[in-house]
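Trainee: Could you walk me through reading a pocket and a single side chain?
Mentor: Gladly; let us look together.

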Amino acid sequence: MLDLALNFLSNTGFALADYRHLIMLVVSCFFIYLGAVKGYEPLLLIPIGLGVVIGNIPFFKGFGIGIYENNSVLHYLYFGVTSGIYPSIIFLGLGAMTDFSSMLSQPKLMMLGAAAQVGVFFTMLAALGLGFTPQEAASIGIIGGADGPTSIFLTAKLAPHLIGPIAIAGYSYMALIPVIQPPIMRLLTSRKERLIRMPELRDVSRNERMIFPVIAIMLCCFLAPASIPLLGPFFFGNFLKECGQAERLAQSARTVIMDAATIFLGMTVGASTQGDVFLTPKSIGIFLLGAVAFSVATASGVLFAKIMNLFMKEKINPLLGAAGVSAVPGSAREVHLVGRHEDPHNYLLMHAMACNASGVIGSAIAAGVLWSFMIGK
C-alpha cells in the first residue's frame, strides 16, 4: 500500500516540477493579474496567462499530453498557430471592426503608419548583429509592429521554435503601452508641439468606404503578395462591414468567429511556453530586443511627424506618430491622453485611430516583405 502511495506521488506534477515550471507559473500569474485586475489587454493576456499555466504543469513525456507531442489535443489546437490560421481569422474580424473614415479623411496620416515600421527593420538588423539567424531576426523585428497576430504569423513561417517567446514579448509590450509610450512621446516633443490641434475630419461617403478595401487589397497584395494571408481577410472583412448588404456576416466575423480564434490562439501560445523549452538565453534576448523594437517604432513615428511638419503648412501634432504602431486601440488612446494632459480640449483620438489603422496595414506589409525575402534562406 505504501509503495502504491509513493508511486502515485512520484507521478504527480508536484514531484515532476522543477524551478523552470515555477518561474513560468509566476509569469502566468503576472499576465493574469495584468489582464484581470489592471485591465491591460484582458482579451489577450487572460487566455495567454491561463495557457502558460496549462503548458507548465509537469507530466510524463510520451503520453500525448503536451503541446509538442504528436496526437495530443493541444498539439492539434496549436496547428492553428503554426499554420497561420488563427492570425488570418483574427485579421478577418479586425477588418470587420475597422472604420477607415478617419484615415480616408486625412490620407497623409497613413505615412506615420509606414514610418513606425522603421522599428521593425532596425531591430532586425540589431538581432542579426547579436548572432540570430536571418529568419529569427526577422521574426524578432516584427515585434516592433506591435501587432500580435502578425508577429505570430511571421514567426510561425520563419522561426516556429520562437513563437512562444516572441508572442509573450509582443503581447507584454502591447499591454505596457501606457508605461512605454508616454515617456518617449514627451521626450521627443515640445509642449508647443503637443498643443497642436488637428483640423476637423471631413465626412467620408459610404462609396469611398466601400471602394477603399477593394482598391487597398489589390494595391497592398500586389506590392507584397506574401501579405495575402493577413491583408486578404482583413480587407475582406472590412468590405463585409462597409457594403451594407452583409451585416450578418460582418457581425459574425467581428464577434464569435474572432473571439474563438483569439481564445485558441492565446491559450495555445501560452501553453507553448513550457519552461524546459522557453527559458533560454535566446528568450531573454528576444525580450530585450522586443523592447527596443517597440521603442524605436514609437520614436520613429513621432520623429517622422516632426520631419513632415518642416514641409507642411498645416502642422501635424507629432504625438500622432506614436500611434503608427498597430496596437489598436491602445496606442491611439495613449496619444489622446497625452494630448489632453496638455490641453483638455484637444481631441486627437480619431486622428490617432487613422495612424493606428495604417499601422495595421503597414506591419502586415512589412511581414509579407520579410517573409518573401527570407524564403529559401
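This is a predicted model: local features need pLDDT of at least 70, side-chain atom pairs count only at pLDDT 80 or more; totals for chains, interfaces and linings use all residues.

Trainee: Which helices each supply at least two residues of the lining of the largest pocket?

Mentor: First, some ground rules. Residues are numbered from 1 along each chain as its sequence is written, and side-chain values use heavy atoms, leaving out hydrogens and water. Rolling a probe the size of a water molecule over the atoms shows where empty space is left. Here, α4 (42–55), α6 (85–97), α11 (148–158), α12 (163–175), α13 (177–188), α17 (247–271), α20 (330–342) and α21 (349–374) each supply at least two lining residues.

Trainee: How many residues line the largest pocket, and which lie nearest its centre?

Mentor: The lining has 40 residues, with E41, L94, M258, V328 and P329 nearest the centre. By class, 25 are nonpolar, eight polar and seven charged.

Trainee: Now F122: where is it found?

Mentor: F122 sits in helix α9 (residues 118–129).

Trainee: Why does F122 count as partly exposed?

Mentor: Because its relative accessibility is 44%; buried means under 20% relative accessible area, exposed over 50%, and partly exposed in between (1.4 Å probe, protein chains only).

Trainee: What does F122 touch, not counting residues up to four places away in sequence?

Mentor: F122 touches V292 and V296, contact meaning heavy atoms within 4.5 Å.

Note on methods. On a 1 Å grid over the protein atoms alone, a cavity is a set of points where a 1.4 Å probe fits but cannot get out, and a pocket is an open set with protein on both sides within 12 Å along at least five of seven lines; lining residues have an atom within 4 Å of a point. Helices (H or I, at least four residues) and strands (E, at least two) are DSSP runs, numbered from the N terminus. Ala, Val, Leu, Ile, Met, Phe, Trp, Tyr, Cys and Pro count as nonpolar, Asp, Glu, Lys and Arg as charged, and the others, Gly among them, as polar.
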